[in-house]
Amino acid sequence: MIEAIRRHLKLYIAFLGHNLKNEMMYRANFIILSAMDIFFMGVNVVFFTIIFNNVQTVAGWSYYQMLILIGSVGIVREMAYLTFRQGFLNIGDYIRTGEFDLLLVKPLSPQLHLGFRHISMTESLGEGIMGIILAAIGYYHLPPGSVMAVPLYIIFLFVSLIIYYSFCLIVNSAVFWIIKSQELNTIVYYFMETARYPRDIYRGIGKALFTFVIPISLIATTPASILAGRVSYSLLFLSLSVAGGLLLIGSLIWQVSIRHYSSASS
Amino acid sequence: MKKYLTLFRINWQNSLQYRASTVIYIVGYGLYISVILYLWMSVYQAGNKMGDYTLTDLLTYYLLQLIVNILILSYISWELIDQIREGFFSNFLIKPLNLLVYWFTVNLSGKLLETIYLSMIGAVLYFFMRDYFWLPHHFSTFIYFGGSLFLAMTLAFLMDFCIALIAFWLIQVRVFKFMLLYLVFFFSGAILPLDLFPQWLQKGVHLLPFQYLAYVPIRIFLEKQENLSSVFTIELFWLLFFFALASWMVSRGVKRYEAVGG
């Protein structure tokens with residue numbers, strides 16, 4: 001077990017170093033990407049600032065609590081780019097060209113290979129840094145919470161990452177049928193775009209739908225609740241079970257779908 | 001005229017072929033809009049109000065975004081940029097077609113098809129949301145709304161076309177394209193009605209042409225827009241401005257064109 005973890009860690013670092021060298025070749029590109037990230041995060045802050053000019057709270061969330069929520073989306077996004085996100089954007093090419101064959105015969109599970117091969121540190125770096133700053137500003141302005149808040153927050157960012165990964169895996173399993181992964185990932189994009197609204201706005205069927213089927217109401221809300229001092233044990237439990245359940249279902253769907261892969265040009 | 005009609009038909013058939021991407025876009029944007037609807041309902045249930053908008057006004061505003069946004073999303077520039085950069089543009093030079101009219105026709109046929117899809121989805125949404133949906137009191141509003149949508153589509157096309165033409169001078173045009181997308185997203189009123197912006201920002205925003213893409217048409221539908229004649233006059237001025245700019249860029253750009261790889 002420990003041996004396996006060490007091996008994967010070593011692979012991860014090797015892939016990270018390799019990709020970083022590639023990314024550093026295009027410095028202008030990197031600066032432009034970061035500037036756009038910051039602009040887009042800024043738009044979201046302006047959006048909520050304008051709302052809070054008219055109202056005191058949104059579904060029980062104050063302005064500074066909301067900043068933590070917006071920031072958490074940015075952090076989870078950067079975490080995803082540091083692991084699996086970019087790989088799924090490329091999966092369509094792998095399948096169309098038949099290069100996916102190579103992944104299947106490598107001594108590493110194709111799921112992990114896809115996840116690690118295209119790590120990108122810079123793709124969403126602006127968003128990640130902005131996210132940490134926003135979360136810190138929000139946390140600073142709120143009454144001091146318990147000592148456990150920050151470590152628990154970090155743990156549940158990883159839980160959210162698992163939910164995000166599982167959703168991504170399920171959506172991208174369709175790639176074995178329709179080949180085009182760019183379009184599938186438009187859905188994944190909107191999935192994260194809508195994660196920054198607090199879970200408390202949903203009612204009725206919407207609440208169930210956005211918890212179990214399209215779990216956008218958990219991704220940012222659960223970790224942000226911890227840091228904002230409004231968390232409940234039931235929410236933590238819900239997040240953990242959805243993460244576990246989706247990961248299981250996602251892996252099953254992936255396993256079944258991968259059998260549908262029928263190579264190309266060979 | 002006939003050659004452009006043929007072009008229209010060919011591109012119509014092409015768009016039919018690639019309807020999956022349109023459907024996925026609508027699903028994704030529909031998800032976004034429904035979350036926003038939940039947000040506003042929650043804000044209004046707590047007894048709050050945004051500017052002079054009632055809940056019905058706001059929900060209608062965002063539902064109409066579904067249609068307006070896809071109409072003003074001109075994507076011909078992706079193709080035109082590639083053509084200029086990779087030298088395929090040479091093929092075009094020997095054809096008896098006007099560059100601007102050619103791409104306008106391509107854009108128009110794609111948008112018309114998407115409008116048909118969207119009307120079907122709009123009908124379904126209206127059925128479920130009819131208690132929350134504002135319908136204009138005057139029939140003339142529909143005509144003004146339709147007219148403003150057509151002008152918005154034309155204006156968006158002209159801006160997009162000008163951005164694409166930068167490819168004659170620079171290699172990295174995609175950056176400008178993304179910037180335009182973001183400017184449109186923010187300053188057209190797509191994320192929030194412009195009159196909810198802070199005063200100092202509103203003054204600047206009302207001087208820009210982006211408001212005619214989403215904010216103005218939807219305000220016309222909601223019968224909140226006053227001085228229609230002066231609004232349309234200023235919009236026409238912007239259309240003329242971008243038309244002149246595009247024509248000037250085409251005449252200068254073609255002279256600079258190097259036919260890479262040809």
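Exposed, in this talk, stands for a relative accessible area over 50%. With 56%, Asn227(B) is therefore exposed. The model I am showing is a predicted one.

I will stay with Asn227(B) for a moment. This residue lies in the loop between helix H10 (215-221) and helix H11 (228-256) of chain B. Its phi is positive, about 50°, although Asn227(B) is not a glycine. As background, most residues other than glycine have a negative phi.

Ala59(A) is not a glycine either, and its phi is near 50°. Where is Ala59(A) found? It is in the loop between H2 and H3 of chain A. Ala59(A) has a relative accessibility of 22%, so it counts as partly exposed.

Next, the aromatic rings. How many aromatic pairs are there over all chains? The count comes to 47. One of them joins Phe48(A) and Tyr197(A): the ring centres are 5.8 Å apart and the planes are at 50°, so this pair is tilted. The two residues are 149 residues apart, with Phe48(A) in helix H2 (residues 27-54) of chain A and Tyr197(A) in the loop between helix H10 (181-193) and helix H11 (204-213) of that chain. Phe48(A) is buried at 1% relative accessibility, and Tyr197(A) is buried at 2%.

A second pair in chain A is Phe52(A) with Tyr63(A), which is edge-to-face, with 5.5 Å between centres and 70° between planes. Here the partners are 11 residues apart, Phe52(A) in helix H2 and Tyr63(A) in helix H3 (residues 63-81). Buried or partly exposed? Phe52(A) is buried, at 12%, whereas Tyr63(A) is partly exposed, at 23%.

Back to Phe48(A) and Tyr197(A). Both belong to one aromatic cluster that also takes in Phe47(A) and, from chain B, Trp40(B), Tyr53(B), Tyr61(B) and Tyr62(B).

Chain B also has charges placed over rings. The charged end of Arg130(B) is over the ring of Phe127(B), at 4.8 Å from the ring centre. Lys177(B) lies over the face of Trp78(B), 5.3 Å from the centre of that ring.

Last, the cysteines. The number of disulfides over all chains is 0. For that count, two cysteine sulfur atoms have to be within 2.5 Å. Cys168(A) has a relative accessible area of 0%, so it is buried. Cys162(B), at 6%, is buried as well.

That is the end of my part.

Methods. Residues are numbered from 1 along each chain as its sequence is written. Chains are lettered from A and ligands numbered from 1 in the order in which they are written. This is a predicted model: local features need pLDDT of at least 70, side-chain atom pairs count only at pLDDT 80 or more; totals for chains, interfaces and linings use all residues. Side-chain values use heavy atoms; hydrogens and water are left out. Buried means under 20% relative accessible area, exposed over 50%, partly exposed in between (1.4 Å probe, protein chains only). Rings of Phe, Tyr and Trp (its six-membered ring) pair if their centres lie within 6.5 Å; planes under 30 degrees apart count as stacked, over 60 as edge-to-face and the rest as tilted. Helices (H or I, at least four residues) and strands (E, at least two) are DSSP runs, numbered from the N terminus. A charge sits over a ring if NZ of Lys or CZ of Arg is within 6 Å of the ring centre and within 35 degrees of the ring normal.
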